[in-house]
There are 2 protein chains.
Amino acid sequence: MTVWRTDGVTSETVPIDDRGFQYGDGLFETIAVRRGVPRYLDAHLRRLAAGIARLGMPRAPESALADEVTSLAAGYDFGVAKIIITRGSGPRGYRAPAAPVPRRMVGIVASEPAPRQHYERGIELRLCRTRISTNPATAGFKTLGRLDQVLARSEWDDPQIAEGLMLDAEGCIVSGTMSNFFFVRDECLCTPSLASAGVAGIMRATVMEQARDIGIAVRETRVHCNDLRDDDELFVTNSQIGIWPVGRFRDRSREPGAVTRSLMRRLAAAGVEECRP
Amino acid sequence: MTVWRTDGVTSETVPIDDRGFQYGDGLFETIAVRRGVPRYLDAHLRRLAAGIARLGMPRAPESALADEVTSLAAGYDFGVAKIIITRGSGPRGYRAPAAPVPRRMVGIVASEPAPRQHYERGIELRLCRTRISTNPATAGFKTLGRLDQVLARSEWDDPQIAEGLMLDAEGCIVSGTMSNFFFVRDECLCTPSLASAGVAGIMRATVMEQARDIGIAVRETRVHCNDLRDDDELFVTNSQIGIWPVGRFRDRSREPGAVTRSLMRRLAAAGVEECRP
(Lines give C-alpha, C1' and ligand atoms only; values in the text may rest on other atoms or scores of the structure.)
Protein backbone atom coordinates (compact mmCIF):
# COMPACT_ATOMS: atom_id res chain seq x y z
CA MET A 1 0.00 0.00 0.00
CA THR A 2 1.18 3.54 -0.57
CA VAL A 3 0.57 4.67 3.00
CA TRP A 4 0.33 2.68 6.23
CA ARG A 5 -0.49 3.87 9.71
CA THR A 6 0.04 1.75 12.80
CA ASP A 7 -2.03 2.71 15.83
CA GLY A 8 -2.54 6.09 14.23
CA VAL A 9 1.09 6.80 13.36
CA THR A 10 2.57 6.64 9.86
CA SER A 11 4.65 3.50 9.74
CA GLU A 12 6.17 1.03 7.31
CA THR A 13 6.95 -1.80 9.68
CA VAL A 14 5.45 -4.04 12.31
CA PRO A 15 7.37 -5.55 15.25
CA ILE A 16 8.59 -9.07 14.49
CA ASP A 17 7.02 -10.25 17.75
CA ASP A 18 3.56 -9.20 16.55
CA ARG A 19 1.28 -12.22 16.83
CA GLY A 20 -0.26 -11.43 13.47
CA PHE A 21 3.12 -12.08 11.88
CA GLN A 22 4.18 -14.95 14.14
CA TYR A 23 0.90 -16.91 14.14
CA GLY A 24 -1.65 -15.25 11.85
CA ASP A 25 -3.39 -14.15 15.05
CA GLY A 26 -5.51 -11.38 13.58
CA LEU A 27 -8.01 -10.25 10.98
CA PHE A 28 -8.24 -7.88 8.05
CA GLU A 29 -10.72 -5.94 5.93
CA THR A 30 -10.30 -4.65 2.39
CA ILE A 31 -12.52 -1.69 1.61
CA ALA A 32 -13.24 -0.08 -1.74
CA VAL A 33 -12.62 3.67 -1.86
CA ARG A 34 -14.60 5.63 -4.46
CA ARG A 35 -14.47 9.42 -4.91
CA GLY A 36 -12.73 9.76 -1.57
CA VAL A 37 -15.24 7.69 0.40
CA PRO A 38 -14.80 4.18 1.87
CA ARG A 39 -17.71 2.10 0.58
CA TYR A 40 -19.76 -0.04 3.01
CA LEU A 41 -17.44 1.00 5.82
CA ASP A 42 -19.98 0.25 8.55
CA ALA A 43 -20.53 -3.27 7.26
CA HIS A 44 -16.77 -3.89 7.15
CA LEU A 45 -16.40 -2.65 10.72
CA ARG A 46 -19.26 -4.89 11.88
CA ARG A 47 -17.67 -7.96 10.31
CA LEU A 48 -14.32 -7.00 11.84
CA ALA A 49 -15.92 -6.63 15.26
CA ALA A 50 -17.54 -10.06 14.92
CA GLY A 51 -14.17 -11.59 14.04
CA ILE A 52 -12.48 -9.84 16.95
CA ALA A 53 -15.12 -11.25 19.29
CA ARG A 54 -14.63 -14.74 17.83
CA LEU A 55 -10.87 -14.51 18.40
CA GLY A 56 -11.43 -13.29 21.97
CA MET A 57 -9.53 -10.06 21.41
CA PRO A 58 -10.39 -6.74 23.07
CA ARG A 59 -12.83 -4.62 21.07
CA ALA A 60 -11.30 -2.35 18.44
CA PRO A 61 -11.72 1.42 18.80
CA GLU A 62 -14.40 1.45 16.10
CA SER A 63 -15.02 5.15 15.81
CA ALA A 64 -11.30 5.93 15.74
CA LEU A 65 -10.89 3.27 13.05
CA ALA A 66 -13.75 4.70 11.03
CA ASP A 67 -12.28 8.20 11.31
CA GLU A 68 -8.88 6.96 10.29
CA VAL A 69 -10.10 5.08 7.22
CA THR A 70 -12.32 7.98 6.23
CA SER A 71 -9.55 10.53 6.55
CA LEU A 72 -7.03 8.38 4.65
CA ALA A 73 -9.58 7.73 1.89
CA ALA A 74 -10.35 11.40 1.33
CA GLY A 75 -7.48 11.91 -1.09
CA TYR A 76 -8.25 8.88 -3.29
CA ASP A 77 -10.62 8.93 -6.22
CA PHE A 78 -10.40 5.15 -6.75
CA GLY A 79 -8.51 3.02 -4.29
CA VAL A 80 -8.38 0.27 -1.72
CA ALA A 81 -8.17 0.72 2.05
CA LYS A 82 -7.03 -2.15 4.23
CA ILE A 83 -7.44 -2.60 7.97
CA ILE A 84 -5.38 -5.18 9.84
CA ILE A 85 -6.02 -5.91 13.51
CA THR A 86 -3.69 -8.25 15.38
CA ARG A 87 -3.51 -9.44 18.98
CA GLY A 88 -0.37 -7.33 19.26
CA SER A 89 3.05 -8.29 20.54
CA GLY A 90 3.64 -11.20 22.84
CA PRO A 91 6.20 -13.66 24.10
CA ARG A 92 6.94 -16.90 22.24
CA GLY A 93 4.18 -19.50 22.20
CA TYR A 94 0.62 -19.85 20.99
CA ARG A 95 -0.77 -18.83 24.35
CA ALA A 96 -2.01 -15.25 24.12
CA PRO A 97 -0.95 -12.67 26.70
CA ALA A 98 -3.45 -12.34 29.53
CA ALA A 99 -3.94 -8.67 28.66
CA PRO A 100 -3.17 -8.37 24.96
CA VAL A 101 -2.76 -4.91 23.45
CA PRO A 102 -4.10 -5.25 19.91
CA ARG A 103 -2.32 -3.46 17.11
CA ARG A 104 -4.21 -1.81 14.27
CA MET A 105 -2.87 -0.96 10.87
CA VAL A 106 -4.67 1.04 8.23
CA GLY A 107 -3.30 1.34 4.72
CA ILE A 108 -4.44 2.82 1.46
CA VAL A 109 -3.39 2.51 -2.16
CA ALA A 110 -4.74 3.91 -5.43
CA SER A 111 -6.14 1.30 -7.79
CA GLU A 112 -7.74 1.00 -11.22
CA PRO A 113 -11.20 -0.13 -12.23
CA ALA A 114 -11.31 -3.65 -13.65
CA PRO A 115 -11.64 -3.93 -17.45
CA ARG A 116 -15.17 -3.15 -18.70
CA GLN A 117 -15.39 -6.50 -20.44
CA HIS A 118 -15.26 -8.27 -17.07
CA TYR A 119 -18.68 -6.71 -16.47
CA GLU A 120 -20.04 -6.84 -20.00
CA ARG A 121 -18.99 -10.25 -21.29
CA GLY A 122 -17.99 -11.86 -18.03
CA ILE A 123 -14.73 -13.31 -16.80
CA GLU A 124 -13.01 -16.60 -17.38
CA LEU A 125 -13.10 -18.61 -14.14
CA ARG A 126 -10.53 -21.31 -13.52
CA LEU A 127 -11.14 -24.40 -11.40
CA CYS A 128 -8.28 -24.51 -8.88
CA ARG A 129 -6.51 -27.70 -7.85
CA THR A 130 -5.62 -26.30 -4.42
CA ARG A 131 -8.43 -27.10 -2.01
CA ILE A 132 -9.50 -24.75 0.74
CA SER A 133 -9.05 -25.60 4.42
CA THR A 134 -12.21 -26.21 6.36
CA ASN A 135 -12.76 -25.17 9.97
CA PRO A 136 -16.07 -24.11 11.47
CA ALA A 137 -14.14 -22.23 14.21
CA THR A 138 -13.04 -19.46 11.87
CA ALA A 139 -15.29 -19.93 8.82
CA GLY A 140 -16.81 -16.68 7.60
CA PHE A 141 -14.13 -14.42 9.09
CA LYS A 142 -11.31 -12.72 7.24
CA THR A 143 -8.44 -14.08 9.29
CA LEU A 144 -4.83 -13.31 8.35
CA GLY A 145 -3.91 -16.82 7.22
CA ARG A 146 -4.58 -16.84 3.48
CA LEU A 147 -2.03 -19.37 2.29
CA ASP A 148 -4.66 -21.57 0.61
CA GLN A 149 -5.69 -18.62 -1.53
CA VAL A 150 -2.07 -17.72 -2.27
CA LEU A 151 -1.35 -21.28 -3.44
CA ALA A 152 -4.53 -21.39 -5.52
CA ARG A 153 -3.72 -18.02 -7.11
CA SER A 154 -0.24 -19.29 -7.99
CA GLU A 155 -1.74 -21.96 -10.24
CA TRP A 156 -2.17 -19.64 -13.21
CA ASP A 157 -0.44 -16.74 -14.91
CA ASP A 158 -2.76 -16.24 -17.88
CA PRO A 159 -4.07 -12.68 -17.65
CA GLN A 160 -7.25 -13.81 -19.44
CA ILE A 161 -8.26 -15.73 -16.32
CA ALA A 162 -9.58 -13.30 -13.74
CA GLU A 163 -10.44 -15.63 -10.88
CA GLY A 164 -10.16 -19.21 -9.65
CA LEU A 165 -12.83 -21.32 -7.99
CA MET A 166 -11.88 -23.21 -4.84
CA LEU A 167 -13.42 -26.43 -3.56
CA ASP A 168 -13.29 -28.13 -0.19
CA ALA A 169 -11.80 -31.59 0.27
CA GLU A 170 -15.05 -33.25 -0.87
CA GLY A 171 -15.19 -31.24 -4.10
CA CYS A 172 -17.94 -28.89 -2.95
CA ILE A 173 -17.66 -25.25 -3.98
CA VAL A 174 -16.53 -22.77 -1.33
CA SER A 175 -15.61 -19.53 -3.11
CA GLY A 176 -13.23 -17.83 -5.49
CA THR A 177 -9.69 -17.12 -4.33
CA MET A 178 -10.68 -13.50 -3.63
CA SER A 179 -14.43 -13.53 -4.18
CA ASN A 180 -17.68 -15.20 -3.24
CA PHE A 181 -19.42 -17.41 -5.76
CA PHE A 182 -23.08 -17.45 -6.81
CA PHE A 183 -25.17 -19.42 -9.26
CA VAL A 184 -28.71 -18.80 -10.39
CA ARG A 185 -30.96 -21.76 -11.13
CA ASP A 186 -34.75 -21.86 -11.52
CA GLU A 187 -35.02 -18.20 -10.55
CA CYS A 188 -33.26 -18.94 -7.26
CA LEU A 189 -29.98 -17.29 -6.23
CA CYS A 190 -27.66 -19.87 -4.63
CA THR A 191 -24.31 -19.43 -2.89
CA PRO A 192 -22.14 -21.84 -0.92
CA SER A 193 -22.85 -22.04 2.78
CA LEU A 194 -20.07 -20.66 4.98
CA ALA A 195 -20.55 -23.23 7.73
CA SER A 196 -17.05 -24.64 7.42
CA ALA A 197 -15.03 -22.40 5.09
CA GLY A 198 -15.04 -19.16 3.15
CA VAL A 199 -15.44 -15.51 3.97
CA ALA A 200 -18.79 -13.81 4.59
CA GLY A 201 -18.21 -11.12 1.98
CA ILE A 202 -19.73 -7.68 2.40
CA MET A 203 -20.68 -7.66 -1.29
CA ARG A 204 -22.07 -11.19 -0.92
CA ALA A 205 -24.45 -9.96 1.79
CA THR A 206 -25.34 -6.88 -0.26
CA VAL A 207 -26.18 -8.97 -3.33
CA MET A 208 -28.30 -11.36 -1.29
CA GLU A 209 -30.20 -8.43 0.17
CA GLN A 210 -30.73 -6.87 -3.25
CA ALA A 211 -32.00 -10.17 -4.60
CA ARG A 212 -34.55 -10.54 -1.79
CA ASP A 213 -35.67 -6.96 -2.40
CA ILE A 214 -36.68 -7.83 -5.95
CA GLY A 215 -38.38 -11.06 -4.97
CA ILE A 216 -35.64 -13.53 -5.87
CA ALA A 217 -35.33 -16.47 -3.50
CA VAL A 218 -31.88 -16.83 -1.94
CA ARG A 219 -30.42 -20.09 -0.75
CA GLU A 220 -27.17 -20.91 1.02
CA THR A 221 -26.34 -24.41 0.02
CA ARG A 222 -23.67 -27.04 -0.38
CA VAL A 223 -23.08 -27.87 -4.01
CA HIS A 224 -20.57 -30.19 -5.62
CA CYS A 225 -18.61 -28.62 -8.45
CA ASN A 226 -19.83 -31.29 -10.87
CA ASP A 227 -23.44 -30.44 -10.08
CA LEU A 228 -23.28 -27.01 -11.70
CA ARG A 229 -25.36 -27.04 -14.88
CA ASP A 230 -24.67 -25.53 -18.26
CA ASP A 231 -27.67 -23.24 -18.00
CA ASP A 232 -26.91 -21.94 -14.49
CA GLU A 233 -25.95 -18.27 -14.41
CA LEU A 234 -22.63 -17.96 -12.57
CA PHE A 235 -21.06 -14.89 -11.05
CA VAL A 236 -18.54 -13.83 -8.41
CA THR A 237 -18.60 -10.88 -6.03
CA ASN A 238 -16.28 -8.93 -3.82
CA SER A 239 -16.07 -5.49 -2.28
CA GLN A 240 -13.72 -4.13 -4.93
CA ILE A 241 -15.50 -5.43 -8.02
CA GLY A 242 -19.18 -5.71 -7.19
CA ILE A 243 -20.35 -8.48 -9.53
CA TRP A 244 -18.41 -10.14 -12.32
CA PRO A 245 -20.51 -12.51 -14.41
CA VAL A 246 -18.70 -15.72 -15.35
CA GLY A 247 -18.34 -15.78 -19.13
CA ARG A 248 -16.27 -18.94 -19.33
CA PHE A 249 -15.82 -21.91 -17.00
CA ARG A 250 -14.55 -25.44 -17.65
CA ASP A 251 -14.17 -24.96 -21.40
CA ARG A 252 -17.68 -23.65 -21.86
CA SER A 253 -18.65 -20.07 -22.71
CA ARG A 254 -21.67 -18.54 -21.03
CA GLU A 255 -23.62 -15.34 -21.54
CA PRO A 256 -24.17 -13.16 -18.50
CA GLY A 257 -27.72 -14.07 -17.48
CA ALA A 258 -30.84 -12.03 -16.87
CA VAL A 259 -30.84 -12.33 -13.08
CA THR A 260 -27.17 -11.45 -12.94
CA ARG A 261 -27.82 -8.34 -15.04
CA SER A 262 -30.73 -7.30 -12.82
CA LEU A 263 -28.58 -7.61 -9.75
CA MET A 264 -25.79 -5.61 -11.39
CA ARG A 265 -28.26 -2.81 -12.20
CA ARG A 266 -29.52 -2.87 -8.61
CA LEU A 267 -25.96 -2.69 -7.27
CA ALA A 268 -25.08 0.16 -9.61
CA ALA A 269 -28.12 2.09 -8.44
CA ALA A 270 -27.11 1.41 -4.83
CA GLY A 271 -23.67 2.97 -5.40
CA VAL A 272 -21.52 0.17 -6.78
CA GLU A 273 -20.96 2.15 -9.94
CA GLU A 274 -18.60 -0.34 -11.56
CA CYS A 275 -21.65 -2.56 -12.18
CA ARG A 276 -23.53 -0.04 -14.30
CA PRO A 277 -24.59 -1.46 -17.67
CA MET B 1 12.64 -13.37 21.32
CA THR B 2 15.57 -11.54 22.84
CA VAL B 3 17.40 -11.06 19.55
CA TRP B 4 16.12 -11.06 15.97
CA ARG B 5 18.07 -10.78 12.76
CA THR B 6 16.41 -10.11 9.39
CA ASP B 7 18.43 -11.18 6.35
CA GLY B 8 21.49 -11.18 8.55
CA VAL B 9 21.00 -7.78 10.15
CA THR B 10 19.85 -7.18 13.73
CA SER B 11 16.28 -6.01 13.51
CA GLU B 12 13.10 -5.71 15.54
CA THR B 13 10.61 -5.12 12.78
CA VAL B 14 9.36 -6.51 9.50
CA PRO B 15 7.87 -4.42 6.66
CA ILE B 16 4.06 -4.27 6.82
CA ASP B 17 3.93 -5.34 3.18
CA ASP B 18 5.70 -8.61 3.97
CA ARG B 19 3.53 -11.43 2.66
CA GLY B 20 4.16 -13.42 5.81
CA PHE B 21 2.33 -10.75 7.75
CA GLN B 22 -0.31 -9.96 5.12
CA TYR B 23 -1.25 -13.52 4.17
CA GLY B 24 0.66 -16.04 6.29
CA ASP B 25 2.74 -16.71 3.17
CA GLY B 26 5.71 -18.36 4.83
CA LEU B 27 7.04 -21.02 7.17
CA PHE B 28 8.85 -21.31 10.46
CA GLU B 29 11.03 -23.63 12.52
CA THR B 30 11.54 -23.72 16.26
CA ILE B 31 14.83 -25.27 17.29
CA ALA B 32 16.00 -26.29 20.73
CA VAL B 33 19.35 -24.82 21.78
CA ARG B 34 21.32 -26.79 24.39
CA ARG B 35 24.79 -25.85 25.68
CA GLY B 36 25.16 -23.38 22.84
CA VAL B 37 24.25 -25.83 20.06
CA PRO B 38 21.07 -25.94 17.94
CA ARG B 39 19.70 -29.48 18.24
CA TYR B 40 18.67 -31.40 15.10
CA LEU B 41 19.46 -28.32 13.03
CA ASP B 42 19.92 -30.32 9.81
CA ALA B 43 16.54 -31.97 10.17
CA HIS B 44 14.88 -28.60 10.77
CA LEU B 45 16.54 -27.15 7.69
CA ARG B 46 15.43 -30.14 5.60
CA ARG B 47 11.82 -29.73 6.69
CA LEU B 48 12.03 -26.00 6.00
CA ALA B 49 13.41 -26.67 2.51
CA ALA B 50 10.57 -29.11 1.80
CA GLY B 51 8.02 -26.49 2.88
CA ILE B 52 9.69 -23.83 0.76
CA ALA B 53 9.49 -26.15 -2.24
CA ARG B 54 5.81 -26.85 -1.54
CA LEU B 55 5.07 -23.14 -1.40
CA GLY B 56 6.96 -22.57 -4.65
CA MET B 57 9.39 -20.13 -3.08
CA PRO B 58 13.05 -19.75 -4.07
CA ARG B 59 15.41 -21.98 -2.08
CA ALA B 60 16.68 -20.57 1.19
CA PRO B 61 20.41 -19.99 1.61
CA GLU B 62 20.74 -23.08 3.75
CA SER B 63 24.37 -22.85 4.76
CA ALA B 64 24.03 -19.15 5.61
CA LEU B 65 20.97 -20.01 7.67
CA ALA B 66 22.80 -22.81 9.44
CA ASP B 67 25.72 -20.50 10.19
CA GLU B 68 23.43 -17.81 11.47
CA VAL B 69 21.49 -20.10 13.80
CA THR B 70 24.69 -21.71 15.01
CA SER B 71 26.37 -18.40 15.74
CA LEU B 72 23.31 -16.96 17.51
CA ALA B 73 22.95 -20.13 19.58
CA ALA B 74 26.54 -20.09 20.80
CA GLY B 75 25.80 -17.81 23.73
CA TYR B 76 22.81 -19.76 25.04
CA ASP B 77 23.02 -22.63 27.48
CA PHE B 78 19.31 -23.44 27.19
CA GLY B 79 17.15 -21.64 24.66
CA VAL B 80 14.97 -21.62 21.61
CA ALA B 81 15.96 -20.47 18.13
CA LYS B 82 13.28 -19.61 15.60
CA ILE B 83 13.60 -19.30 11.84
CA ILE B 84 10.90 -17.55 9.82
CA ILE B 85 11.00 -17.53 6.02
CA THR B 86 8.45 -15.49 4.10
CA ARG B 87 7.87 -14.82 0.41
CA GLY B 88 9.06 -11.26 1.13
CA SER B 89 7.39 -7.99 0.25
CA GLY B 90 4.85 -7.64 -2.49
CA PRO B 91 2.01 -5.53 -3.82
CA ARG B 92 -1.56 -6.03 -2.62
CA GLY B 93 -3.26 -9.27 -3.63
CA TYR B 94 -2.80 -13.00 -3.13
CA ARG B 95 -0.87 -13.33 -6.36
CA ALA B 96 2.82 -13.69 -5.56
CA PRO B 97 5.39 -11.48 -7.29
CA ALA B 98 6.88 -13.16 -10.36
CA ALA B 99 10.35 -12.91 -8.80
CA PRO B 100 9.79 -12.92 -5.04
CA VAL B 101 12.69 -12.02 -2.77
CA PRO B 102 12.16 -14.14 0.34
CA ARG B 103 12.88 -12.65 3.73
CA ARG B 104 14.50 -14.66 6.50
CA MET B 105 14.34 -13.94 10.18
CA VAL B 106 16.31 -15.74 12.85
CA GLY B 107 15.62 -15.15 16.52
CA ILE B 108 16.79 -16.57 19.80
CA VAL B 109 15.61 -16.47 23.38
CA ALA B 110 16.75 -18.10 26.58
CA SER B 111 14.29 -20.60 28.04
CA GLU B 112 13.88 -22.92 31.02
CA PRO B 113 13.64 -26.69 31.17
CA ALA B 114 10.10 -27.95 31.74
CA PRO B 115 9.30 -29.16 35.28
CA ARG B 116 10.80 -32.58 36.06
CA GLN B 117 7.40 -33.98 36.97
CA HIS B 118 6.27 -33.54 33.37
CA TYR B 119 8.79 -36.27 32.56
CA GLU B 120 8.47 -38.36 35.69
CA ARG B 121 4.75 -38.47 36.35
CA GLY B 122 3.47 -37.19 33.02
CA ILE B 123 1.39 -34.19 32.07
CA GLU B 124 -2.29 -33.50 32.20
CA LEU B 125 -3.62 -33.36 28.62
CA ARG B 126 -6.81 -31.46 27.86
CA LEU B 127 -9.20 -32.32 25.05
CA CYS B 128 -9.68 -29.09 23.07
CA ARG B 129 -13.02 -27.97 21.68
CA THR B 130 -11.37 -26.04 18.83
CA ARG B 131 -10.94 -28.37 15.87
CA ILE B 132 -7.95 -28.20 13.57
CA SER B 133 -8.27 -27.16 9.91
CA THR B 134 -7.62 -29.87 7.37
CA ASN B 135 -5.90 -29.34 4.04
CA PRO B 136 -3.70 -31.87 2.28
CA ALA B 137 -2.01 -29.00 0.39
CA THR B 138 -0.09 -27.81 3.42
CA ALA B 139 -0.41 -30.72 5.88
CA GLY B 140 2.88 -31.64 7.50
CA PHE B 141 4.53 -28.24 7.03
CA LYS B 142 5.02 -25.56 9.65
CA THR B 143 3.25 -22.71 7.87
CA LEU B 144 2.83 -19.35 9.55
CA GLY B 145 -0.94 -19.56 10.01
CA ARG B 146 -1.41 -21.02 13.50
CA LEU B 147 -4.71 -19.48 14.51
CA ASP B 148 -6.32 -22.86 15.19
CA GLN B 149 -3.61 -23.60 17.72
CA VAL B 150 -3.90 -20.13 19.23
CA LEU B 151 -7.66 -20.57 19.70
CA ALA B 152 -7.22 -24.05 21.14
CA ARG B 153 -4.53 -22.82 23.54
CA SER B 154 -6.86 -20.04 24.70
CA GLU B 155 -9.33 -22.60 26.03
CA TRP B 156 -7.51 -23.09 29.32
CA ASP B 157 -5.54 -21.13 31.89
CA ASP B 158 -4.94 -23.85 34.45
CA PRO B 159 -1.13 -24.17 34.81
CA GLN B 160 -1.63 -27.84 35.76
CA ILE B 161 -2.63 -28.57 32.16
CA ALA B 162 0.47 -28.66 29.99
CA GLU B 163 -1.02 -29.42 26.59
CA GLY B 164 -4.28 -29.76 24.67
CA LEU B 165 -5.24 -32.43 22.15
CA MET B 166 -6.76 -31.29 18.87
CA LEU B 167 -9.15 -33.25 16.67
CA ASP B 168 -10.24 -32.80 13.08
CA ALA B 169 -13.85 -32.13 12.12
CA GLU B 170 -14.68 -35.85 12.32
CA GLY B 171 -13.29 -36.21 15.83
CA CYS B 172 -10.10 -37.97 14.80
CA ILE B 173 -6.92 -37.05 16.63
CA VAL B 174 -4.45 -34.80 14.82
CA SER B 175 -1.94 -33.54 17.40
CA GLY B 176 -1.40 -31.41 20.46
CA THR B 177 -1.53 -27.64 20.09
CA MET B 178 2.28 -27.54 20.03
CA SER B 179 3.22 -31.20 19.93
CA ASN B 180 2.71 -34.48 18.13
CA PHE B 181 0.69 -37.22 19.77
CA PHE B 182 1.50 -40.91 20.17
CA PHE B 183 -0.17 -43.89 21.72
CA VAL B 184 1.22 -47.34 22.37
CA ARG B 185 -1.08 -50.34 22.04
CA ASP B 186 -0.19 -54.04 21.76
CA GLU B 187 3.54 -53.19 21.60
CA CYS B 188 2.89 -50.98 18.56
CA LEU B 189 3.69 -47.25 18.48
CA CYS B 190 0.88 -45.35 16.77
CA THR B 191 0.63 -41.70 15.75
CA PRO B 192 -1.92 -39.79 13.68
CA SER B 193 -1.29 -39.69 9.96
CA LEU B 194 -0.40 -36.25 8.62
CA ALA B 195 -2.24 -36.72 5.33
CA SER B 196 -4.61 -33.84 5.90
CA ALA B 197 -3.45 -31.90 8.97
CA GLY B 198 -0.71 -31.55 11.55
CA VAL B 199 3.01 -30.86 11.51
CA ALA B 200 5.65 -33.46 10.71
CA GLY B 201 7.58 -32.85 13.92
CA ILE B 202 11.33 -33.35 14.01
CA MET B 203 11.00 -35.05 17.41
CA ARG B 204 8.12 -37.15 16.03
CA ALA B 205 10.41 -38.50 13.30
CA THR B 206 13.23 -39.04 15.80
CA VAL B 207 10.99 -41.01 18.16
CA MET B 208 9.64 -43.15 15.32
CA GLU B 209 13.20 -43.92 14.25
CA GLN B 210 14.26 -44.79 17.78
CA ALA B 211 11.26 -47.08 18.12
CA ARG B 212 12.10 -48.97 14.94
CA ASP B 213 15.70 -49.29 16.12
CA ILE B 214 14.56 -51.24 19.18
CA GLY B 215 12.15 -53.42 17.23
CA ILE B 216 8.91 -51.62 18.01
CA ALA B 217 6.42 -51.52 15.14
CA VAL B 218 5.38 -48.01 14.15
CA ARG B 219 2.09 -47.17 12.54
CA GLU B 220 0.69 -43.89 11.20
CA THR B 221 -3.01 -44.15 11.52
CA ARG B 222 -6.32 -42.38 11.76
CA VAL B 223 -7.87 -42.80 15.19
CA HIS B 224 -11.03 -41.36 16.64
CA CYS B 225 -10.59 -39.76 20.02
CA ASN B 226 -13.18 -42.09 21.57
CA ASP B 227 -11.22 -45.12 20.39
CA LEU B 228 -8.30 -44.48 22.73
CA ARG B 229 -8.27 -47.14 25.42
CA ASP B 230 -7.60 -46.87 29.12
CA ASP B 231 -4.56 -49.09 28.89
CA ASP B 232 -2.95 -47.30 25.92
CA GLU B 233 0.27 -45.49 26.79
CA LEU B 234 -0.06 -41.87 25.67
CA PHE B 235 2.65 -39.30 25.14
CA VAL B 236 3.39 -36.09 23.25
CA THR B 237 6.59 -34.91 21.60
CA ASN B 238 8.16 -31.76 20.29
CA SER B 239 11.60 -30.39 19.62
CA GLN B 240 11.78 -28.42 22.85
CA ILE B 241 10.53 -31.09 25.23
CA GLY B 242 11.45 -34.46 23.77
CA ILE B 243 8.76 -36.75 25.21
CA TRP B 244 6.18 -35.93 27.85
CA PRO B 245 4.17 -38.94 28.99
CA VAL B 246 0.48 -38.21 29.48
CA GLY B 247 -0.30 -38.70 33.17
CA ARG B 248 -3.91 -37.58 33.02
CA PHE B 249 -6.46 -37.37 30.18
CA ARG B 250 -10.26 -37.13 30.26
CA ASP B 251 -10.53 -37.51 34.04
CA ARG B 252 -8.37 -40.61 34.14
CA SER B 253 -4.88 -40.85 35.60
CA ARG B 254 -2.29 -42.95 33.83
CA GLU B 255 1.18 -44.15 34.70
CA PRO B 256 3.93 -43.45 32.16
CA GLY B 257 4.24 -46.80 30.36
CA ALA B 258 7.14 -49.15 29.71
CA VAL B 259 7.50 -48.38 26.01
CA THR B 260 7.30 -44.65 26.69
CA ARG B 261 10.08 -44.99 29.29
CA SER B 262 12.25 -47.00 26.90
CA LEU B 263 11.87 -44.35 24.24
CA MET B 264 12.70 -41.60 26.72
CA ARG B 265 15.90 -43.42 27.70
CA ARG B 266 16.80 -43.83 24.03
CA LEU B 267 16.19 -40.15 23.36
CA ALA B 268 18.23 -39.13 26.40
CA ALA B 269 21.11 -41.28 25.18
CA ALA B 270 20.79 -39.68 21.73
CA GLY B 271 21.21 -36.20 23.19
CA VAL B 272 17.72 -35.15 24.27
CA GLU B 273 18.90 -34.84 27.84
CA GLU B 274 15.61 -33.58 29.23
CA CYS B 275 14.27 -37.12 28.82
CA ARG B 276 16.81 -38.75 31.11
CA PRO B 277 15.20 -40.83 33.87
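**Walking through the sheet and the interfaces**

Mentor: Let's begin in chain A, where strand 6 (residues 78–86) and strand 7 run antiparallel and are joined by eight bridges. One pair to look at there is Ile85(A), which stands opposite Arg104(A) in strand 7 of chain A. Keep in mind that this is a predicted model: local features need pLDDT of at least 70, side-chain atom pairs count only at pLDDT 80 or more, and totals for chains, interfaces and linings use all residues. Residues are numbered from 1 along each chain as its sequence is written, while chains are lettered from A and ligands numbered from 1 in the order in which they are written.

Trainee: What counts as a strand, and what counts as pairing?

Mentor: Strands (E, at least two residues) and helices (H or I, at least four) are DSSP runs, numbered from the N terminus. Two strands pair if DSSP finds at least two bridges between them.

Trainee: Okay, what's the strand order in the open sheet of chain A?

Mentor: The order is 2-1-7-6-4-5, six strands with antiparallel pairing. Strand 2 (9–10) and strand 5 (37–38) of chain A are at the edges with a single partner strand each, so one side of each has no neighbour in the sheet.

Trainee: How many bridges does strand 4 of chain A make with strand 6 of chain A?

Mentor: Nine, in the antiparallel sense. Gly26(A) stands opposite Thr86(A) of strand 6 there. Strand 1 (residues 3–6) of chain A also pairs antiparallel with strand 7 of chain A, over four bridges, and Thr6(A) faces Met105(A) in that strand 7.

Trainee: Which strands of chain B does helix 2 lie across?

Mentor: Helix 2 (residues 41–54) of chain B lies across strand 4 (26–34), strand 5 and strand 6 (78–86) of chain B, at about 180° to strand 4. For such angles, axes are lines fitted to C-alpha atoms, for helices over the stretch in contact, and the angles run from 0 to 180 degrees between N-to-C directions. Residues are in contact if their C-beta atoms, placed from the backbone, lie within 7 Å. Helix 3 (residues 62–73) of chain B lies across strand 1, strand 4, strand 5, strand 6 and strand 7 (103–110) of chain B, at about 20° to strand 7.

Trainee: And the sheet in chain B, what's its order?

Mentor: Six strands form an open sheet there, in the order 2-1-7-6-4-5, with antiparallel pairing. Strand 1 (residues 3–6) and strand 2 of chain B are joined by two bridges, with Thr6(B) opposite Val9(B) in strand 2.

Trainee: Switching topic: what are the domains of chain A?

Mentor: Domain 1 is 3–110 and domain 2 is 116–275; the bounds come from an automatic or database domain assignment. Their centres, taken over C-alpha atoms, are separated by 25 Å. In the contact between them, 18 residues of domain 1 of chain A meet eleven of domain 2 of chain A. On the domain 1 side, strand 4 of chain A gives the largest share, eight residues.

Trainee: How do chains A and B meet?

Mentor: 44 residues of chain A are in contact with 43 residues of chain B. Helix 5 of chain A supplies the largest share of the chain A side, six residues. That side divides into 20 nonpolar, 15 polar and nine charged residues. Here Ala, Val, Leu, Ile, Met, Phe, Trp, Tyr, Cys and Pro count as nonpolar, Asp, Glu, Lys and Arg as charged, and the others, Gly among them, as polar.

Trainee: Which strands pair across the two chains?

Mentor: Strand 3 of chain A and strand 3 (residues 13–15) of chain B run antiparallel, joined by three bridges. Thr13(A) has Pro15(B) as its bridge partner.

Trainee: What rotation superposes chain A on chain B?

Mentor: A rotation of 180° with 0.0 Å of shift along its axis, at RMSD 0.0 Å. That's the relation of a two-fold axis.

Conventions. Contact = placed C-beta atoms within 7 Å. Least-squares fit on C-alpha atoms with pLDDT ≥ 70 in both.
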